[in-house]
Amino acid sequence: MSSRKRHGIKKTVSFSDDEAFLRRRSSKNENKRMGLLNPPVYVRKTIGTVPIHLPGLTYYYLKISNDFDTVRLLYMLIVTQLLFLVFQFNRNTIYGNKRLKIHFGSLAISIVACFLLTLPCMLLIVLMGAPFGMLLWETWLLAAHCCFLAFPAVYSVFNCDFKVGVFKNYFLSICIGCWVSCVVIPLDWDRPWQEWPIPLVVGGYLGAFVGYTICSYV
Amino acid sequence: MSSMLDNASDEAYVKRGMLSSSSEEKRLYKARIQRFDSAHRHYIVLMGALAVLQFIAIAFFTRGFLLTRNVLENVASVTEAYGKFDKCVILIVDALRFDFAAPVDPADSSFNTNYHNNMPIFNMSWDSDTGSSLLLKFIADPPTTTLQRLKGLTTGSLPTFIDAGSNFNGKVIEEDNFIKQLYLRDKRVLFAGDDTWQALFEPFLSSQSEFHESLNVWDLDTVDNGVIDFFERKFLTVPQQEQEWDVLIGHMLGMDHVGHKYGPQHFTMKEKQLQVSDFIDDIRKTIDDNTLLIVMGDHGMDHTGNHGGDSKDELEAALWLYTKQTKAWNHLPEEQYSMDDLGLNYREVNQIDLVPTFSLLMGLPIPFNNLGWPFDEIATSEEESQMYSRLTLEQLKSYKDTSGVISNQHINQRLSDLWVLASNNYSKSADYQKFFLESCKDMWTRFDYWSIGSGITLLAISLLLLMSVTKLIPSIVVGQMVSEFVPSIIMMALVSNVCFNGIFHVLHQPSFLENWIWCSLFATAVGIIIGCCIPIFDRYNLTWILLKFLEELSDYWSRIAALLLTLHAIAFTSNSFTIWEDRIVCFLLTTLGMLTLNEFIFLPKRQSTTALLSAANGDKIPASTERLQAYRPHTENLPLGRFARLVGAYHSIVLIVCTRLSSMITICREEQGDKCTATFTLTNNYSVWCLLICLLLVPFLPSCIQGYYNVCSSYQAAAPIWIGQFLKAVLLTNFIYWALTACENRIPNWDWDLKIVKFTISRMIVGFSLIAANVGWMMGPLCVKINVRNNDLKSQQATILGYTNAYGSQYFLLVINFLMCIILFNKPLAQVSLFLMCNQLLSILEIFDLLKMKENLIGPVAMGLLAHQQFFSTGHQATIPSVQWDMGFILTERITFPFTHLSIVMNTFGPHILVALSVALLTLWKQAPSVLKPQTILARIVSNCGMLLIYNTVLCLSTFAWVTHFRRHLMVWKIFCPRFILASLCLIVTHVVIIFITIAFSSARLIKQINNIFWK
């Protein structure tokens, strides 16, 4: 926010990582003025962004807790994701050649945004084939999990002038995780963890884990 | 009509204006058309040869996999005298499920007054002074079709699956059976009812027997009233001494037909049950002391009222034995007949057990092939029990020794041990029968691995050939090569036929071929393979083909296509995935929609987009790009323009939403259990809201199609006539037809006979849509219009509206013809689904046109997915009971060769037919004339058709492989085998439609016509 004020940058919403933008990023040394107008946004390639809490939570959910309480898991996720954002993810996000400090206003906004995003997310899940009219609470829980798995990315999008293109892969990795995990739903193993939405929650966690780990390298 | 005339004059005008008239060009044009014609003929032969190859592969696999059983013609003879009854009345009540007859606790959650406790006759007090009765649960062996059941019920043997296919032309039973035994003992057998008996037993039945047609499931009363009337005349009103029969058999079909037509929950079921119950009571009162009364169901019905599979409800029928003699049955302890949990633990007997029971009670020898065991209840003393056991045991032993069915040494040893045990102690003899029966069940699932292997191999090779010919070798080269393919295929087929038949005739090798027909088929297949390989390897080698294959999969969308295809194909690796295939297909199609949506919104950079662009522009890039850009300024520049992206995103959303909506229409498989709520039910289909939606479709479907036409301003000339008038009129007539049907179904006291009206309507629609409309289409209904702006000659300017989509708009009219016909053969909810399919189809076309992927693998794969998704959402499943047989009687009252079959094919494979037709649209949609040469367009159409065939072939091959792998699986006959049959039929239907209609008929005619008008 402060950087925006200093340079007087015009706010734009970009949904594409189009060619021109990438070229500018790669040739920022040649053209410093362009670099100032469009400061580079990226996540540093360190192991600092590995979200170790996600496999931990998954392990707790599947093995330690006996009741697969998705609501409790959601509370734990929100707290750990906040900590992850503050201590790991945000520290490694670079915008305009410098690390950003945590901005509590954006933090609050992005939490609200995450809750609002659960509705389109839920619509997406229903469109992909989730039951319609039944099990809506479970579907909402799944949507909430997905949104809060994406919470650090959502915060960064808010904090980095809506450069969605950079953070798109984080969202995608969660989607792919959920998509792949659908494979266990039809199997006739009659395991308690095949209940809706447990496989997708777990898939989302694993997808997010992979995403936060490798997306900065892609 | 006026616009029709306009159209004609427009055409002439365009011709005059565009076709330059110099004689040199005319000659060139003629030569080009000649070349096109000859290439077209060669393409048909080439695709036909590949189709024949695949049909032969399917035939071989089917021959090896669908089992057959050797039938012995030995007949048992009398050895000693026994028997308790002289006469017998057998009443078969088709589909009399066990819980229809047994007393059900009204407090039970599944209690239904429409089919429970309506037949009190079966539950009158046991062993009162009036006689003795015995009610048993009668377990049928699958398949639960009437023909198989009758064979099992009379011979005591186990019919195999292959017999299920011959239900429509049963032949006289050659095996020993109790009807034949009665005939040989000079007993007069009088029969009335189901005409399946006529085919099976006519030589053994009295000439006074009456047969009624059985397969018209919409006729509830003719057979039943016929049987009741016959019994009145021959039995109920005739004094004992004058009766001309010893065994009287009735086979009533009403209950089965109520099940097929309305399902068991319908109130008609109650009426039928009360009628049958009263009838049985009349018989019971009339019989004398020496007459045995047997009432039985040959199978049950599932919750939808259908049968054919092996679910609990389909297998459990009821059997009731009654005699006026007191204490005739030796009942087992009371807890064996417990009705708790709807009779879950009620005493059950196998259907084949009736055969020895009947023979022993009637004093007949037990039929030679029998595998059953007499009921314990019929022996009233220890001596009787011993005698019955001994007689049955001797028969089983003699069958085993004569037939030599058991070749396995271990099983033989075990049987000998059991035989010794049983000879010493008759109470152990039932063990012998049980083990023998189990071993026979195993034996009759023995497969012909040579045929299976050659079927799979041939199909795999045909897949490789199909891939090389239609996708890997560039279509231009194939265009030159077709003239080499055809002679080489024909020559090699002849040569190989001579070789194989010669070797087979002299050496009888390879021996699995058995006769010259199979030998010729095999030889033809080999000939086609070699004939295709010669021209291919003349120009290319294996390395090149392999590299080309990898190259083909090098771009993002091709990989997505391959991924979707692979996922669909590997779904058959597990019974769970096969059961849930409807959801999986839907999920994959939605995924594709999401991916295209992502493409349009985020516009990711792809390495291959430029390559794709040049590929889409055809061979002569520099010349044609300019021209293209002139016509399509919005979409030609990649990355897509803002407007194109918006439109693309809109179409993706339409695809996703329509897929999701239509997926809500489902007829659940039995295995899906409570995880699935069936919406494609009788109640919903004929409900007011569903009919209202159908009424809304009448204006809405044409206007949706009009919307898609308007994108290129193609809604001109012929289009308003076809879409705005023909389609609308047909939809309205169709609505009237289904509204009448719904009234008949829903209103209890409906007594107007609408048969004639309904047949007239349905025949009108079919005649119009299949014949009249197609003839009209052959006239060439062009969808363009000329706007002339200035009328003075110098500055005259003409705009051709609908020019950019001249090919596609006209071709889609043909699709509409078939759509009109297919909609008639689908129930109202399925019609809604087909409406959604139209939107999905057109959106897919728009999407892939915007993305410039007319040649990509993804287009046909999306189409293939769409066909399967719609197959499921039009109320079908990959099971035999879910075939909508009642649709066969829309055109005719009884089974008539082409019409009944046509109706069922149109109903079952409607989406596949539509997709096989419209796959050509991937090339033709928004294809402006005079950009590509006629031959190039044809080559591209063939290439896209080839990809759709590859899709179906891969699925078919996958089902072949997995059904073979799971041949000993518990669920093979219920899940995997029907899926393999479905996959084979899909492949065959797709082949036939693509070759005869898409390639041979419509594409060539269209291309020639358009080129005739527009080519400069």
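The model is predicted; local features need pLDDT of at least 70, side-chain atom pairs count only at pLDDT 80 or more, and totals for chains, interfaces and linings use all residues. Residues are numbered from 1 along each chain as its sequence is written, while chains are lettered from A and ligands numbered from 1 in the order in which they are written.

Chain B contains 36 helices and ten strands. Helices (H or I, at least four residues) and strands (E, at least two) are DSSP runs, numbered from the N terminus. The C-alpha atoms of chain B fill a box of roughly 110 × 70 × 50 Å along the principal axes. Of the 1016 residues of chain B, 50% are buried (20 or more other C-beta atoms within 10 Å of the residue's own, with C-beta atoms placed from the backbone). Contacts join residues whose C-beta atoms, placed from the backbone, lie within 7 Å. Among contacts in chain B with a separation of 6 or more, 77% link residues 24 or more positions apart.

The contact between the chains takes 15 residues from chain B and twelve from chain A. On the side of chain B, helices H21 (575–579), H22 (581–602) and H25 (642–662) each give two or more residues. H22(B) gives the most, with six residues. This side of chain B has nine nonpolar, three polar and three charged residues. Here Ala, Val, Leu, Ile, Met, Phe, Trp, Tyr, Cys and Pro count as nonpolar, Asp, Glu, Lys and Arg as charged, and the others, Gly among them, as polar.

Within chain A, the axes of helix H8 (residues 151–159) and helix H9 (residues 164–181) come within 9 Å and cross at roughly 175 degrees. H8(A) is therefore roughly antiparallel to H9(A) (an angle over 145 degrees). Ala153(A), Ser156(A) and Val157(A) of H8(A) meet Val164(A), Phe167(A), Tyr170(A) and Phe171(A) of H9(A). These contact residues comprise six nonpolar, one polar and no charged.

An unreviewed UniProt entry annotates transmembrane regions in chain A, including residues 42–61 and 102–128. Residues 42–61 of chain A are 45% helix and 10% strand, with end C-alpha atoms 32 Å apart. Residues 102–128 of chain A are 89% helix and 0% strand, with end C-alpha atoms 36 Å apart.

Conventions. A residue is buried if 20 or more other C-beta atoms lie within 10 Å of its own, exposed if 12 or fewer, and partly exposed in between; C-beta atoms are placed from the backbone. Two residues are in contact if their C-beta atoms, placed from the backbone, lie within 7 Å. Axes are lines fitted to C-alpha atoms, for helices over the stretch in contact, and angles run from 0 to 180 degrees between N-to-C directions. Angles under 35 degrees count as roughly parallel, over 145 as roughly antiparallel, 65 to 115 as roughly perpendicular and the rest as oblique. UniProt positions are given in the numbering used here, feature names are shortened, and annotations may be inferred rather than shown by experiment.
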